[in-house]
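Hi,

Here is the model I promised to pass on to you. Have a look at it first, and then read on for my notes.

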Number of protein chains: 2
Amino acid sequence: MENKIKNIKDLAALLNISATTVSRVLNGKAGTYRISRATGQKVLDAAEKFNYHPNRIARGLRLEKTETLGLIVPDIANPFFASIAKTIEFEARRNGYSLILCDSLDNEGTEKELLQLLAGRKVDGIILAPVGKNSGHITAFTEKGIPLIIIDRYLPGTGLPFITTDNYTGAFEAVEHMILQGHKRIACIQGVRGISVNTDRVNGYKDALKKQGISVDHSLIPGNDFGEENGYINTRKLLNKQDPPTAILALSNLISLGVMRALSENNLKIPDDISLVAFDDQPYSGFLSSPMTMVDQHKEEIGKLAVNYLVTSIYNQGKQEHIEVMLKPRLIIRKSVNNITVTGRQ
Amino acid sequence: MENKIKNIKDLAALLNISATTVSRVLNGKAGTYRISRATGQKVLDAAEKFNYHPNRIARGLRLEKTETLGLIVPDIANPFFASIAKTIEFEARRNGYSLILCDSLDNEGTEKELLQLLAGRKVDGIILAPVGKNSGHITAFTEKGIPLIIIDRYLPGTGLPFITTDNYTGAFEAVEHMILQGHKRIACIQGVRGISVNTDRVNGYKDALKKQGISVDHSLIPGNDFGEENGYINTRKLLNKQDPPTAILALSNLISLGVMRALSENNLKIPDDISLVAFDDQPYSGFLSSPMTMVDQHKEEIGKLAVNYLVTSIYNQGKQEHIEVMLKPRLIIRKSVNNITVTGRQ
DNA sequence: CTGTTAGCGCTTTCAC
DNA sequence: GTGAAAGCGCTAACAG
């Protein structure tokens with residue numbers, strides 16, 4: 001029992017057969033090579049007994065594939081990306097892949113380095129939730145031939161395949177909901193300007209307004225970051241206006257946290273004093289000071305589709321089909337939007 | 001520019017030098033081997049120009065180290081583990097390591113498989129946030145010689161090194177805080193029984209009670225899971241008692257979400273009708289229906305210490321120093337505990 | 001200061 | 001049915 005079986009040769013020597021045979025059996029090719037049942041079983045038993053697992057590094061070198069996927073997200077502590085990471089890890093493993101997790105810290109330079117790093121580590125595919133508006137480093141990278149799929153955001157005009165949420169519709173429906181509750185002065189606190197997710201949401205917001213004959217007031221569309229602080233600062237500014245909004249659409253869950261902080265500092269209650277809808281439902285969304293109406297994205301679906309796409313691309317020797325998927329979001333109506341049609345409040 | 005430089009040999013051939021020299025320069029050993037400035041620069045320039053990065057798989061095979069760390073958590077979508085993963089990824093990368101992320105789905109069998117998987121992938125070290133009470137598969141595993149550190153929970157009597165929070169003190173101080181606010185009937189909704197984190201917290205709870213001369217009522221210590229549902233069900237049961245508690249200590253953030261759900265279904269307000277303190281502060285904790293008083297763990301510190309420990313162990317050829325670290329938690333007092341000393345409410 | 005050679009552990013021709 | 005030998009890309013001994 002104390003024999004040190006460190007590689008396939010040791011095992012082969014022990015059984016008085018060749019490494020080749022052991023390799024074949026262990027890879028389930030006993031049939032293909034017509035290896036006798038006796039030999040096959042002998043190998044399997046020994047591997048089991050000595051708890052031998054082939055060295056996947058050596059295997060990777062030889063096969064020129066590592067059965068590893070890379071995942072780059074801007075912030076794994078953000079519950080949105082954490083949820084996505086969970087389904088991706090699960091799906092990857094189900095398909096025999098391991099996941100190298102990289103956090104780009106919302107920094108484009110880091111993102112670029114990370115792509116290089118993953119290339120050096122010979123991952124078989126990459127799932128990227130990109131940071132910013134620039135995509136030069138990504139398109140340059142795809143020339144290396146490693147399959148890559150963009151999630152969450154997409155980079156228009158680059159031809160990079162992506163899976164994302166139909167953010168336009170998400171915002172449109174959220175705003176329409178608020179309008180139906182009587183709101184006319186609706187603010188929209190933006191995330192990073194110029195990136196697809198944000199642009200689409202803002203456009204959905206504007207179009208919903210226009211459709212109802214409400215003109216767009218650009219002073220009601222501040223902000224330039226998906227973080228909490230941006231929500232806080234801009235809510236304060238909005239509240240200081242002579243004609244403050246009766247409702248706010250927060251373009252991320254973190255922004256909504258900042259909105260709530262500013263509101264509570266001003267002793268303003270949701271939804272009595274002001275209404276709020278935010279993007280991306282979280283487990284705690286229903287338990288906030290006012291259970292929050294949210295635009296929910298299909299995080300599971302995004303993760304599944306991304307992995308499947310990559311697995312298929314890898315199977316086809318890296319030939320990537322171009323796909324553009326936009327999943328319809330879902331408006332979860334809770335209690336953060338006040339109906340002001342009757343009372344005419346504010 | 002269209003030369004395909006796919007390995008170190010190609011680059012060497014192009015420059016009419018040996019692969020050895022290229023390797024040495026690229027590994028920063030030009031000095032050690034007294035390689036001429038001219039040659040050194042030539043190599044660096046060419047690598048830059050052709051954007052050549054050595055194949056780390058081949059390197060890993062040769063060096064018998066992959067510069068990869070494995071991280072196993074029970075649920076990466078749980079913000080507690082997501083936060084920890086973030087600092088671990090950051091610290092790992094800072095030390096030149098990449099992170100393979102594994103989610104054990106709170107399942108011990110999966111955890112065991114994952115350990116095997118990581119061993120096969122020849123990670124240089126493993127950070128494990130274990131699932132359950134059993135540790136046989138872990139101690140058996142450490143014999144393989146891969147440095148491993150336990151975080152979050154610890155396994156008493158196994159001699160496995162760990163970094164965790166002083167959960168006893170965390171619970172003790174939380175309960176003491178509630179008692180000072182006049183509470184005497186304080187419930188404690190447990191996570192998984194028998195694991196260190198839970199046991200320590202329950203003991204801290206009991207001892208705080210005893211210290212103040214309050215006897216422990218075992219019917220007030222229900223529960224057996226860290227999830228939301230457990231919090232929900234047991235809160236309902238507690239509320240149905242003829243003598244319900246005036247305060248609840250929830251032993252996880254997810255449990256507290258379940259508590260809040262049950263409370264809101266019964267139209268009970270925090271803290272007016274019932275007080276609540278929970279473990280593990282989250283970004284949203286301050287924005288809940290009542291800003292919640294929380295026992296906060298030093299997630300960053302845990303991540304940093306774990307990586308540093310592993311890096312040191314690896315540096316020392318896998319000789320692991322035995323460490324047991326218990327970080328003092330911090331009670332963040334917000335508004336979810338009512339002072340009932342004066343009114344004598346309930 | 002630089003190069004030749006061997007070998008990490010695996011799989012895959014090719015041979016019998 | 002099975003095995004010997006070559007080689008994936010890299011680096012460490014051993015030369016010189």
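This is a predicted model: local features need pLDDT of at least 70, side-chain atom pairs count only at pLDDT 80 or more; totals for chains, interfaces and linings use all residues.

Within chain B, strand E3 (residues 125–128) and strand E4 (residues 148–152) run parallel and are joined by 3 bridges. In that pair, B:Ile127 has its bridge partner in E4(B), namely B:Ile149.

**How the two chains meet**

How many residues of chain B are in contact with chain A? The count is 38, and they touch 38 residues of chain A. On the chain B side, the elements that give two or more residues are H4, helix H5 (79–94), strand E2 (98–103), helix H6 (108–120) and helix H11 (253–265). H5(B) gives the most, with 7 residues. By class, this side of chain B has 22 nonpolar, 9 polar and 7 charged residues.

The two chains superpose with an RMSD of 0.1 Å when chain B is laid on chain A by a turn of 180 degrees and a shift of 0.1 Å along the axis. The copies are thus related as by a two-fold rotation axis. In chain B, the C-alpha of B:Ser289 is the nearest to that axis, 1.7 Å from it. The interface fits this picture: 100% of the interface residues of chain B are also interface residues in chain A, so the copies meet through the same surface.

**The DNA strands**

Now for the DNA. Around DNA strand C there are 27 residues, and the closest are A:Asn7, A:Ile8, A:Ser23, A:Asn55 and A:Ala58. At least two residues each come from helix H1 (8–15), helix H2 (19–26) and helix H4 (56–63) of chain A, and from helix H2 (19–26) and helix H4 (56–63) of chain B. H4(A) supplies the largest share of this surface, 5 residues. By class, the surface has 10 nonpolar, 10 polar and 7 charged residues.

DNA strand D has 26 residues around it, of which A:Ser18, B:Asn7, B:Ile8, B:Ser23 and B:Ala58 come nearest. Two or more residues each come from H2 and H4 of chain A and from helix H1 (8–15), H2 and H4 of chain B. The class counts near DNA strand D are 10 nonpolar, 10 polar and 6 charged.

**Domains**

Finally, the domain assignment of chain A gives domain 1 (2–54), domain 2 (67–165 + 299–328) and domain 3 (167–297 + 331–343). The C-alpha centres of domain 1 and domain 3 of chain A lie 62 Å apart.

Enjoy looking around, and do write back with any questions.

Best wishes

Methods. Residues are numbered from 1 along each chain as its sequence is written. Chains are lettered from A and ligands numbered from 1 in the order in which they are written. A residue is near a molecule or strand if its C-beta atom, placed from the backbone, lies within 6 Å of it. Helices (H or I, at least four residues) and strands (E, at least two) are DSSP runs, numbered from the N terminus. Ala, Val, Leu, Ile, Met, Phe, Trp, Tyr, Cys and Pro count as nonpolar, Asp, Glu, Lys and Arg as charged, and the others, Gly among them, as polar. Copies are superposed by least squares on the C-alpha atoms of residues with pLDDT of at least 70 in both. Two residues are in contact if their C-beta atoms, placed from the backbone, lie within 7 Å. Two strands pair if DSSP finds at least two bridges between them. Domain bounds come from an automatic or database domain assignment.
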